[in-house]
2 protein chains.
Amino acid sequence: MVQEEIRRRNAGALLRHVHLRGPASRAELAERMGLNRSTIMALTTELHRAGLVHEEPPTDTGRAGRPSLVVRPASDRWYVLAFDVAVDRLVAARVGLGGTILDRREAVRPRAGPDLRRVVAVLARFGRQLHRTAPPGATCVGLGASYCGMIRPGDGMVRYGPDLGWVDQAFGDELGRRLGLGLPVAVGNEAHLGAQAEQQRGAGVGLDNLIYLHGDVGVGGGIIVGGRLLGGDGGYGCELGHMVVNPYDGRPCGCGSYGCLEAEVGERALLDAAGRPAELFGRAAIRSVADDADRGDPVAQEALRRVGDWLGIGVANLINLFNPGMVVFGGMLCDMYPGAAAQVRGRIARNVLPVAREHVRLRTAALGDDATLVGAAELAFTPLLTNPLTPHPSPASAPAPSILHFPSGQEPRKRVCQRP
Amino acid sequence: MVQEEIRRRNAGALLRHVHLRGPASRAELAERMGLNRSTIMALTTELHRAGLVHEEPPTDTGRAGRPSLVVRPASDRWYVLAFDVAVDRLVAARVGLGGTILDRREAVRPRAGPDLRRVVAVLARFGRQLHRTAPPGATCVGLGASYCGMIRPGDGMVRYGPDLGWVDQAFGDELGRRLGLGLPVAVGNEAHLGAQAEQQRGAGVGLDNLIYLHGDVGVGGGIIVGGRLLGGDGGYGCELGHMVVNPYDGRPCGCGSYGCLEAEVGERALLDAAGRPAELFGRAAIRSVADDADRGDPVAQEALRRVGDWLGIGVANLINLFNPGMVVFGGMLCDMYPGAAAQVRGRIARNVLPVAREHVRLRTAALGDDATLVGAAELAFTPLLTNPLTPHPSPASAPAPSILHFPSGQEPRKRVCQRP
């Protein structure tokens with residue numbers, strides 16, 4: 001039983017390795033995973049038999065002797081559907097094992113409150129299209145969604161979705177039902193998923209302590225502590241956007257308070273500081289301020305500096321609290337940060353204790369606006385990567401499996417569907 | 001090898017259980033640890049043979065049948081020496097297995113910079129006295145110290161001790177050398193140790209997510225995330241005292257910045273707000289403000305409210321970030337908090353998102369001013385509790401062992417001494 005558990009974990013670790021880091025030779029895998037080559041061979045043989053990896057000779061080793069086979073994830077055979085409900089857009093994508101976005105659909109999302117039914121209708125239509133147009137023999141192994149609000153861990157319930165005005169809406173269940181693929185939808189908060197995606201595939205690969213700030217209307221946060229997402233008692237931690245940074249004449253915040261970080265550095269704060277009229281909003285408006293600043297416009301430059309100073313106070317506080325290796329700016333902060341970086345760095349120099357500021361790096365999201373979508377895809381891949389060798393028919397030997405069981409405690413429900 | 005590892009872990013878990021929770025019958029241990037009674041019997045027999053626990057019939061079970069033996073830690077045989085360098089006092093204590101403070105020495109510490117040599121001289125003298133006066137057959141298994149500054153993990157180096165003006169002082173090494181017991185001194189930051197002590201033996205027993213604020217001249221923090229102390233990349237996280245809460249007209253902080261939480265709620269902030277002259281300081285002065293407020297003095301009440309509002313902003317920010325089950329106020333905040341609680345609760349009501357404030361409890365430290373000392377003792381017990389069944393002579397069979405080896409990777413050095 002212990003041996004079986006070790007084998008299961010090693011298989012998961014190996015598949016996760018090639019899924020996240022890309023193709024690698026058996027010899028490289030042995031070295032990186034600290035396992036001997038016969039163990040690696042046994043694992044890759046099993047994963048190959050299950051259709052999860054391809055093994056092939058390297059194109060050119062430049063060395064004499066028998067080359068070590070290269071193991072690559074079978075991206076053509078296994079995929080997930082990932083969804084992203086962001087403030088300005090609705091996205092759905094088919095993402096292959098290995099993390100490649102194979103196909104996608106995208107719609108502009110109106111700001112003024114589409115209800116649950118309309119949002120789910122758009123995403124479900126996209127999802128069914130993506131599933132229908134997948135190549136023959138490809139198998140869907142999971143569904144994941146990113147949502148711009150507070151999500152109850154476990155069941156995909158939106159506890160609080162400020163920009164859509166959603167409270168306690170069963171988004172995950174409803175999307176799963178409308179997709180009709182017989183799979184549950186795993187849902188996460190967009191900033192949590194963005195943080196994990198940047199740590200797995202983005203700017204902070206391999207870092208144990210990382211803070212991700214996701215800007216849109218407000219500012220969300222995902223904080224990795226000791227390699228794991230900070231959850232807190234109910235899974236509602238990481239709310240860095242509601243850190244009060246301006247207690248005197250703070251701007252009103254959507255949460256009902258004043259002077260929260262997101263009220264001082266969110267979209268409206270920057271646009272107001274730059275003198276943009278109230279009817280302008282969204283990414284194009286933010287980019288136009290950043291572009292004007294680049295061109296030397298003093299009003300736009302001053303707006304970025306002003307907002308950047310609040311951002312700097314928040315980031316300095318976070319570095320003192322978390323002593324992270326990296327702070328990543330995502331969402332619209334990707335556009336805002338470059339023009340505000342001097343202020344942020346200035347605040348860090350003044351407010352962060354020297355031992356904590358020595359090594360911290362500041363970066364914009366390497367995955368750009370897809371960080372949240374990529375995080376949703378990773379969420380959907382979790383059961384397969386946890387239990388890759390669960391007994392199931394491989395696509396090769398049984399061309400049309402319709403349901404695969406993932407017996408792990410994490411995922412009690414049936415969760416694999418086959419393209420019809 | 002796997003079996004041996006499991007046995008070692010179970011023995012450590014059992015000893016830790018009676019060490020932290022007190023005497024328990026074999027039957028209770030079986031139930032609480034989820035192990036069968038024969039396994040428990042084998043473990044307690046081994047621990048008994050090693051002299052680490054006593055087993056005895058219960059005084060009165062009130063039940064028919066053969067009673068389950070009660071297992072209690074051998075507090076009379078195994079102890080640690082714990083030290084506390086706090087802003088106003090130097091403390092040393094002999095603490096028995098099971099956590100009882102068996103004996104202690106304490107000295108007032110002058111505020112104006114005693115140097116490393118003088119602090120270590122006092123503590124080493126206390127430590128040697130405590131060791132000499134221990135009963136025959138009692139064995140010292142570890143040395144631990146709490147220090148009111150930033151400590152480099154691993155070697156007890158004080159990176160930054162603001163109140164004593166220490167920078168990069170080898171406190172742990174020096175104290176170990178002067179004690180001359182042949183044991184290294186494990187050193188931790190006082191707020192980190194206070195947090196762990198309150199979570200192990202104090203107000204927050206068993207909580208996975210807990211924030212401890214330790215007030216003295218400044219405000220230190222210890223934050224438990226998912227059951228573990230938040231460290232960050234270098235072990236310098238948790239610096240909640242340097243969260244900027246007052247960016248406009250903030251008071252100057254010892255770190256060189258302005259408006260940090262500790263500048264707004266530390267000792268001097270309260271005393272200034274209460275109109276106390278600059279020559280007054282320390283716990284007695286803080287308590288006199290709290291006492292005056294209790295007696296209805298409006299100046300003292302207003303001072304506590306003013307400082308309480310800044311404290312509330314800081315605490316609300318922390319709850320939004322960490323979604324903890326409890327916030328514990330320690331050090332001088334034990335005295336200050338009751339008169340400031342209404343402000344703190346008011347800020348939480350206004351600034352914390354509802355899902356995170358639903359379940360959080362606010363408490364003063366159950367261990368009072370000994371929270372940091374207790375944390376230092378637990379640090380000193382760690383090697384024994386990690387490897388209790390390391391082959392070593394028991395005090396019974398070999399009355400004067402001088403060195404015991406703890407072969408765990410965590411503790412490479414020799415670390416047990418016997419009373420001479």
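**Group meeting: a predicted two-chain model**

Let me start at one residue, A:Ile223, which has its place in strand β13 (residues 219-225) of chain A; helices (H or I, at least four residues) and strands (E, at least two) are DSSP runs, numbered from the N terminus. Residues are numbered from 1 along each chain as its sequence is written, and chains are lettered from A and ligands numbered from 1 in the order in which they are written.

Is A:Ile223 buried or exposed? A:Ile223 is buried, because 28 other C-beta atoms lie within 10 Å; here a residue is buried if 20 or more other C-beta atoms lie within 10 Å of its own, exposed if 12 or fewer, and partly exposed in between, with C-beta atoms placed from the backbone. If we leave aside its neighbours within four places in sequence, A:Ile223 is in contact with A:Ala195, A:Ile211, A:Leu230, A:Cys238 and A:Phe322, where contact means that the C-beta atoms of two residues, placed from the backbone, lie within 7 Å. A:Ile223 and A:Val327 are 104 residues apart in sequence, yet their C-alpha atoms are 9.4 Å apart in space.

One of those contacts, A:Phe322, brings us to helix α10 (residues 298-322) of chain A, which has 25 residues and reaches 35 Å from its first C-alpha to its last, close to the 36 Å expected at 1.5 Å a residue; the expected span is 1.5 Å times one less than the number of residues. This helix, α10(A), is mostly covered, with 18 of its 25 residues buried.

A:Asn323 is buried, with 27 other C-beta atoms within 10 Å. Turning to chain B, B:Asn323 likewise has a positive phi of about 45° without being a glycine, sits in the loop between α10 and β15 (326-331) of chain B, and is buried, with 27 other C-beta atoms within 10 Å.

Staying with chain B, 5 strands form an open sheet in the order β14-β13-β12-β15-β16, and the pairing is mixed; two strands pair if DSSP finds at least two bridges between them. The edges are held by β14 (228-229) and β16 (361-364) of chain B, each with a single partner strand, so one side of each is left without a neighbour in the sheet. Within this sheet, β12 (residues 210-215) and β13 (residues 219-225) of chain B pair in the antiparallel sense over 6 bridges, and the bridge partner of B:His214 in β13(B) is B:Gly220.

By way of contrast, B:Tyr248, in the loop between β14 and α7 (261-265) of chain B, is exposed, with 10 other C-beta atoms within 10 Å. Its C-alpha atom is separated by 7.6 Å from that of B:Gly259, 11 residues apart along the chain.

Now, how do the two chains meet? In the interface, 43 residues of chain B are in contact with 42 residues of chain A. The elements that give two or more residues to the side of chain B that touches chain A are β9 (157-161), α10 (298-322), α11 (333-351) and α12 (354-357) of chain B, and α10(B) gives the most, with 6 residues. The residues of that side divide into 22 nonpolar, 15 polar and 6 charged, where Ala, Val, Leu, Ile, Met, Phe, Trp, Tyr, Cys and Pro count as nonpolar, Asp, Glu, Lys and Arg as charged, and the others, Gly among them, as polar.

As for symmetry, chain B can be laid on chain A with an RMSD of 0.0 Å by a turn of 180° and a shift of 0.0 Å along the axis, and the two copies are thus related as by a two-fold rotation axis; the superposition is by least squares on the C-alpha atoms of residues with pLDDT of at least 70 in both. The same surface serves both copies, in that 98% of the contact residues of chain B recur in chain A. Of the residues of chain B, B:Val245 comes closest to the rotation axis, with its C-alpha at 3.1 Å.

Technical notes. This is a predicted model: local features need pLDDT of at least 70, side-chain atom pairs count only at pLDDT 80 or more; totals for chains, interfaces and linings use all residues.
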